[in-house]
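User: Hello! I am new to this structure and would like to learn how to read it. Could we go through it together?
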Amino acid sequence: MSTFPKHFLWGGAIAANQAEGAYNEDGRGLVQTDVTTGGTKNSPRFTTYIDKDGKPGKYASMGHMGGHLPEGAEYAVLDTEYYPNHKAVDFYHRYKEDIKLFAEMGYSVFRLSISWARIFPNGDDAEPNQAGLDFYRSVFEECRKYGIEPLVSIWHFDTPLSLETRFDGWNNRRLVDFYVRYCEVIFKEYKDLVKYWLTFNEINNTIMFLDMFGEQPDEAYQSAYQQLHHQFVASAKAVKLGRAINPDFMFGNMICGITFYPGSSDPADILLNEHAWQQNIFYCGDVQAKGRYGSYAKRLWDAHNVTIQMEEGDLEVLAEGMVDMYTFSYYMSTVITTHEVDDKVSGNFSVGARNPYLTYSDWGWAQDPTGLQYYLEKIYDRYEVPLMVVENGLGAFDTVEEDGSIHDDYRIDYHRAHIKAMADAIANGVDLIAYTTWGCIDIVSAGTGEMRKRYGFIYVDMDDEGKGTMERTPKASFHWYKKVIASNGEDLD
Ligand code: BG6
């Protein structure tokens, strides 16, 4: 007997801007990653522009988190730069081949995102783009052909660039209406093809990200909390609207799940750690899964003189638009302390002290399956709604052997340990219903823009300069995961 429930959903996950490519085909509008270069672990990605005098320029950025253009400059694609997301791994043209491979692994779920800019190129166009609607219909039909349930992120770090430029993105309340309109179109269009929807990918990054770069001015917090309020309202309105369109829809939030540990038993560390959970993890989870701001929210706002502009009725909207399930990504844990730290490590939008009990990936991300069990048990206890792990994986260098095979045992070890941790959490009473590994096929890294930071069970022949055939090759992990799925999580050897 497997510990995993009978209808547990096994699969993988990708995001539109990291996988599709075809950035300027069939009427798609631009998004931030289209004007973002590649980087590495130690060198940032850059956002490119033309300044007011017509001169090209660039600034270090986190791409999707948005930077600031010099006065009078405009985002631009420059001939002198390489943009990895333009081609990505060409899922746009190869989705049939890819979904066939996912089906071969035995997937019952496939998480992907819809690119808002394929549906509304400018975000607020009078009519949706038919070619964009047709593309996702065809993708969902292809999934259904193999009995694969699509799990759809409505927004994965890709607000249409035009909305960023004209409205200052999510700082502007008008984005709520544009987002809800986009939702209405896709909910109606795909109501018979898609059941599971996630409103905003890793919504909490907006706040977590600030602390990564040390002391920030109060305005940065004001903007981050205000943007989040707009996204909470947009999410809740979308949930309400979606339920009216199809009562069978299931909605999830999506949190960047990081397990925070106190660096010592110093009570000050314990308290700081609890406050880190509140700011980074619970703040968004509570609004979306409990329908209200937590009691500690005022403390977080006051610490940075933040005043949230709310409209009358917003709090009722939040209460009415609670999600049905809590979904999250999990890659790593981090350590928080009030004491001086010599050895800091950063990864996935967080920075903390090195944990001597853990090993670290080549990109410095802590490998901590017990942290996943801890997170699952803590979160389930708090919300008591079904949970989904919708991202989990190891970004690693892969070597293609002479005979073309790829022996990614390190990746198998990583997933095996995390699946065991999930089984233990389920045995302890957690209602976990799905697992979608990140980058089931190699895709462009969100953080660094690299191809060589590979997560997939399927290798894609593409490098960091855009050279490669795009040929797909199953890795050893592909065959391993197929056995895992066939045995419903029992056979992990
Ligand atoms: C999550 C994002 O933060 O982590 C993904 O939802 C991202 O888009 C993933 O790709 C892994 O991060 P990275 O930087 O290794 O691609």
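Predicted model: local features only at pLDDT ≥ 70, side-chain atom pairs only at ≥ 80, totals over all residues.

User: Which residues are the closest to the ligand?

Analyst: Of the 16 residues that surround the ligand, the closest are Gln-18, Glu-202, Ala-446, Lys-453 and Tyr-455.

User: Which atoms of the protein lie by an oxygen atom of the ligand?

Analyst: Let's take Lys-453, where a polar side-chain atom is 2.7 Å from a ligand oxygen. Asn-201 also uses its side chain, with an N or O atom 3.0 Å from an oxygen atom of the ligand. For Gly-447 the backbone provides the N or O atom, and the distance to a ligand oxygen is 2.8 Å. As for cover, the ligand taken alone exposes 380 Å², and the protein buries 98% of that.

User: Now the strands, please. How should I read their pairing?

Analyst: Here is the general idea: strands of a sheet pair through backbone hydrogen bonds, either parallel or antiparallel. In this structure, eight strands form a closed barrel with parallel pairing, in the order 1-5-6-7-8-9-14-15. From one strand to the next, the twist averages 30 degrees.

User: How many bridges link strand 8 and strand 9?

Analyst: Ten bridges link strand 8 (residues 250-262) to strand 9 (residues 325-336), in the parallel sense.

User: Which strands does helix 14 lie across?

Analyst: Helix 14 (residues 409-427) lies across strand 1 (9-13), strand 9, strand 14 (387-391) and strand 15 (432-438). Relative to strand 15, the helix runs at about 170 degrees.

User: And where can I see antiparallel pairing?

Analyst: Look at the open sheet of three strands, ordered 3-2-4. Its edge strands, strand 3 (56-61) and strand 4 (74-75), each pair on one side only. Strand 2 (residues 45-50) runs antiparallel to strand 3, and six bridges join them.

Notes: Residues numbered from 1 in each chain as written. Heavy atoms only, no water. Pairing = 2+ DSSP bridges. Helix = DSSP H or I, 4+ residues; strand = E, 2+ residues; numbered from the N terminus. Axes fitted to C-alpha atoms, helices over the stretch in contact; angles between N-to-C directions. Contact = heavy atoms within 4.5 Å. Near = heavy atom within 4 Å. Polar contact = N/O pair within 3.5 Å; in protein donor to acceptor, adjacent residues only side chain to side chain. Areas by Shrake-Rupley, 256 points an atom, 1.4 Å probe, with all protein chains shown as cover.
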